[in-house]
Amino acid sequence: MAKAVLIVCDGMGDLPDARGRTPLSAARKPNMDRLAREGINGLMHTIGRGIIPGSDTAHLALFGYDPRCYYSGRGVFEALGAGLKLEHGDVAFRCNFATVGKGMGIIDRRAGRIGSAEAKVLGKALDGVVIGGAKIIFKPTVEHRAALVLRGKGLSCRITDADPHEADNARVLMAKPLDDSKEAKRTAGIVNEFVRKSHEILEKHPLNLRRKAAGLLPANVALPRGAGIYEKPPLLGERFGIKAGCVAGGALYKGVAKFVGMDVVDVKGATGGLDTDVMAKGKAALALLKKGYDFAFIHVKGTDNCGHDGDFDGKRKMIERIDAMVGLVMKGCGKGTFIAVTADHTTSCMKKRHSSEPVPFALWGPGLRGDEVQRFDELSCAKGGLGQFKGLAVMPMLLDLMGKEHVYGS
Ligand code: ZN
Ligand code: ZN
């Protein structure tokens with residue numbers, strides 16, 4: 001069976017600036033251009049036309065999982081990405097340590113950007129607490145961030161956030177049920193009690209008393225958001241008979257990969273930020289193929305960060321760094337391997353947010369029909385032989401090339 005590598009540069013798609021350039025079209029990227037020239041190209045609407053993808057739903061679609069069936073909230077992927085093992089029916093959240101004053105008014109939504117080591121100590125005081133018959137599983141991740149899981153019978157993810165999101169003059173919100181079910185009402189009650197209890201426990205925690213004495217903001221509450229329910233899906237191995245591995249820095253991407261049954265390798269220097277070691281990621285993916293994996297997924301986040309910051313040049317430079325990794329993978333992947341390079345969505349430097357424009361997609365490997373595209377960018381790929389297609393088509397396309405095809409009908 002042939003192998004495949006899927007390289008996703010987060011938010012790499014963009015809109016043209018005043019001079020008609022995008023970070024991708026302006027970048028010097030000989031390897032991606034070669035891949036496009038020798039391969040076949042198109043534009044991908046990751047979720048669907050006119051729909052602005054989140055990174056979580058976009059990756060589900062890319063892996064062949066319709067987000068309309070498999071997505072209930074980001075918390076599930078954050079918890080899996082944080083290394084928590086989930087059980088069917090668990091409700092998971094992303095969480096922030098925050099600083100609150102009187103009347104639960106928010107002083108700082110990030111608790112003075114508390115360090116990971118201190119957050120870990122505080123997290124231990126919340127982990128294992130039982131509220132209303134549900135077990136609290138709490139794991140700090142990076143700085144003020146954490147994952148929260150409620151485990152017990154009769155829980156629902158149909159509730160609103162306790163985190164008010166904006167920082168100014170905000171108060172901690174009461175989680176409210178989003179439907180009339182007793183499960184949603186019960187879960188909202190448990191979340192509200194968790195927030196109250198987290199404040200009670202953290203406010204008098206010795207570490208916070210020391211922080212206060214040192215003039216630092218105490219991390220005196222934990223605020224959950226993005227509730228999702230974990231329902232175990234059929235995994236990639238069961239569905240397609242492939243062994244798949246993931247190379248990513250960010251917890252969210254590791255989480256989505258774990259959700260669909262990929263093995264996640266930890267790569268030294270893969271940070272999920274601009275300082276990430278892109279070449280180490282390429283090498284790790286090649287190692288996966290050598291070890292017998294059929295499918296390797298590589299995720300690079302930095303391009304999206306630059307888009308959100310409106311940093312055109314930073315994004316262009318990040319693409320140039322990724323290009324060197326693409327060259328490494330093309331060289332080392334071995335004959336007969338297919339490589340797809342794309343983005344999960346457009347993150348416009350001008351709008352500083354995700355937007356709905358389709359993203360360039362290039363597919364490279366032996367025996368492809370090819371097209372006349374010479375360069376890898378938004379406008380060039382629009383003329384490609386794959387035309388315009390949805391993200392859910394990517395896995396069937398790759399599986400077909402890998403030799404996992406079967407005739408539909410007779
Ligand atoms: Zn993304
Ligand atoms: Zn983004």
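Let me begin with the metals: the zinc ion (ligand 1) and the zinc ion (ligand 2) are separated by 4.7 Å. What we are viewing is a predicted model, in which local features need pLDDT of at least 70, side-chain atom pairs count only at pLDDT 80 or more, and totals for chains, interfaces and linings use all residues. Residues are numbered from 1 along each chain as its sequence is written, chains are lettered from A and ligands numbered from 1 in the order in which they are written, and side-chain values use heavy atoms, with hydrogens and water left out.

Asp10 belongs to the loop between β1 (4-9) and α1 (23-26), and Asp344 to the loop between β12 (338-342) and β13 (346-348), so the pair ties together parts that are 334 residues apart in sequence. Helices (H or I, at least four residues) and strands (E, at least two) are DSSP runs, numbered from the N terminus. Asp10 is buried at 0% relative accessible area, and Asp344 is likewise buried at 0%. By definition, buried is under 20% relative accessible area, exposed over 50%, and partly exposed in between (1.4 Å probe, protein chains only).

I turn next to the domains. The assignment for the protein chain gives domain 1 (3-71 + 233-401) and domain 2 (78-229); such bounds come from an automatic or database domain assignment. Taken over C-alpha atoms, the domain centres are 33 Å apart. The contact takes six residues from domain 1 and four residues from domain 2, where contact means heavy atoms within 4.5 Å.

How many residues does the largest nonpolar core have? It has 88, and among those with the most contacts inside it are Ile7, Ile339 and Phe376. This core draws at least three residues from each of domain 1 and domain 2. A second, separate core of 40 residues includes Ile114, Leu126, Ile159 and Ala227. A nonpolar core is a set of buried Ala, Val, Leu, Ile, Met, Phe, Trp, Tyr and Cys residues joined through side-chain atoms within 4.5 Å.

Leu126 brings us to helix α6 (residues 116-126), where Ala119, Leu122, Gly123 and Leu126 are buried. They lie on the same side of α6 because they cover an arc of only 110° around the axis, the arc being that of the directions from the helix axis to the C-beta atoms. Ala117, Lys120 and Lys124, on the other side, are exposed. The buried residues of α6 pack against elements including β3 (91-100), α7 (182-203) and β8 (221-229). Just after α6, Gly128 adopts a positive phi of about 95°.

Finally, Lys390. This residue is found in strand β16 (residues 387-390) and is partly exposed, with a relative accessible area of 48%. Leaving aside neighbours within four places in sequence, Lys390 is in contact with Met44, His45, Thr46, Ile47 and Gly48.

Technical notes:
Donors are N, O and S atoms within 2.8 Å of the metal (3.2 Å for Na, K and Ca); water is not among the atoms, so sites may look incomplete.
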